[in-house]
Amino acid sequence: MTLISSLSRRAQDAPESGIVEIINYGRDRDRLLPLWAGEGDLPTPQFIRDAAKAGLDNGETFYTHQRGIPPLRAAIADYYARHFGARLSPEHVYVTGSGMHAIKIMVEAMTEPGDEAIYFTPAWPNIAAALGVSGARKVGVPLEFADGRWNLDPARVEAAITEKTRMIFVNTPANPTGWTASLADLSALLEIARRHGIWILADEIYALYHFAGGRAPSFLDIMEEGDRIVFINSFSKNWSMTGWRVGWLVAPPEIGDTIENLVQYTTSGVAQFMQQGALAAIRDGDPVIAENYERARIGRDIFCDRLLATNRVETLKPDGALYAFLKVDGLTDSRRAALDILDKTGVGLAPGSAFGPGGEPFLRACFLRNADQLEDAAERLADYIAGI
């Protein structure tokens with residue numbers, strides 16, 4: 001028996017990220033324009049770093065509140081009042097070691113091994129992997145792609161539910177497609193969840209990246225007391241804090257002890273000095289959100305307009321999130337295309353195959369970057385497309 005074969009089947013079956021494969025292949029290239037990951041090119045703002053440094057200087061290096069320091073939990077509740085008009089108490093808020101950590105512990109809270117969980121494909125690959133590693137059966141419901149846009153048919157969701165279904169994972173605005181649920185979509189999903197007594201795990205990390213103006217529709221707009229909904233969010237995208245690995249949950253206080261226990265047995269909490277940085281971000285960082293939104297809006301227009309002008313790209317501008325999900329005429333093997341594009345142009349894209357069923361013909365590019373870089377990347381890709 002080999003060492004690997006002696007590990008659990010769940011561990012052995014954890015898939016390699018198709019995004020990370022491309023990043024590892026090309027990260028040290030000359031003239032590289034890395035659009036492959038879901039992050040911008042700006043470092044964390046200085047005032048956020050200064051707050052974390054001050055925490056270190058003040059000796060905040062001990063064990064701390066596993067649910068999050070009280071000032072941060074209160075500030076997150078205030079964030080929802082400002083941006084969502086939602087009245088939440090700090091008791092609804094739980095700080096986690098990244099949005100991914102929040103997803104993983106809630107998957108384990110909502111499902112037993114062998115239970116089923118629905119998600120919409122193509123999808124950010126980590127949700128399917130988190131379900132698999134936790135022993136749940138992942139059930140992908142495809143979004144419909146027509147005339148360059150993505151749409152959800154709630155009837156497909158209803159048809160996918162069985163007696164083993166325990167949760168629906170809803171990411172809107174969505175990575176990688178940019179699909180953004182309407183209030184009608186969310187209402188239909190909530191009614192389905194209520195009817196079948198199942199949980200909704202709502203990933204609304206991109207809610208403020210909504211290009212129709214204002215933030216995207218949210219389950220917070222329509223939910224009622226007692227609904228089985230937990231919200232996932234992170235400091236990564238809004239405040240340029242991807243490397244910090246700090247996220248949060250919004251959940252009914254009734255399940256707070258369970259969430260705290262799951263934090264204890266995974267990370268035992270987020271370092272207090274890092275939470276001080278997060279506190280500065282969410283309390284004083286609305287101008288940072290506005291700046292990042294505007295950079296994304298301009299970047300989306302620059303990048304998408306140039307590639308749509310080739311008349312070889314079917315996908316339209318996304319309604320939300322940070323990604324152009326490109327369907328290019330003549331490209332069918334997205335992994336091979338991503339490698340070839342990297343070799344020939346220096347532009348790093350994520351292959352659609354990394355995002356599961358329905359993703360294969362597509363390539364994903366993050367447009368939260370400097371406008372000059374995006375113009376350069378779009379020109380290189382347009383030249384590549386012309387040569388296909």
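**Helix packing and cavities**

Colleague: How do H11 and H13 run relative to each other, roughly parallel or roughly antiparallel?

Modeller: Bear in mind that this is a predicted model. Helix H11 spans residues 286–308 and helix H13 spans residues 371–386, and they pack at about 15° with axes 9 Å apart. Angles under 35 degrees count as roughly parallel, so the label for H11 and H13 is roughly parallel.

Colleague: And which hand does the crossing of H11 and H13 have, left or right?

Modeller: The angle for this pair is about 15°, but the hand is a separate matter. For H11 and H13 the crossing comes out right-handed.

Colleague: What about holes: how much space lies in the largest cavity?

Modeller: Searching the whole structure turns up three cavities of 30 Å³ or more. The largest cavity holds about 110 Å³.

Colleague: Which element gives the largest share of the lining of that cavity?

Modeller: There are 13 lining residues, with Phe120, Ala123, Phe169, Asn171 and Asn175 nearest the centre. Strands E3 (116–121) and E7 (165–171) are the elements giving two or more residues. By class, the lining has eleven nonpolar, two polar and no charged residues. The largest share, three residues, comes from E7.

Note on methods. Residues numbered from 1 in each chain as written. Predicted model: local features only at pLDDT ≥ 70, side-chain atom pairs only at ≥ 80, totals over all residues. Heavy atoms only, no water. Axes fitted to C-alpha atoms, helices over the stretch in contact; angles between N-to-C directions. Helix = DSSP H or I, 4+ residues; strand = E, 2+ residues; numbered from the N terminus. Parallel < 35°, antiparallel > 145°, perpendicular 65-115°, else oblique. Left-handed = near helix turned anticlockwise from the far one by under 90°. 1 Å grid on protein atoms, 1.4 Å probe; cavity = no way out; pocket = protein on both sides within 12 Å on 5 of 7 lines; lining within 4 Å. Points joined across faces, edges and corners; volume = space filled by probe spheres on them. Nonpolar A, V, L, I, M, F, W, Y, C, P; charged D, E, K, R; others polar.
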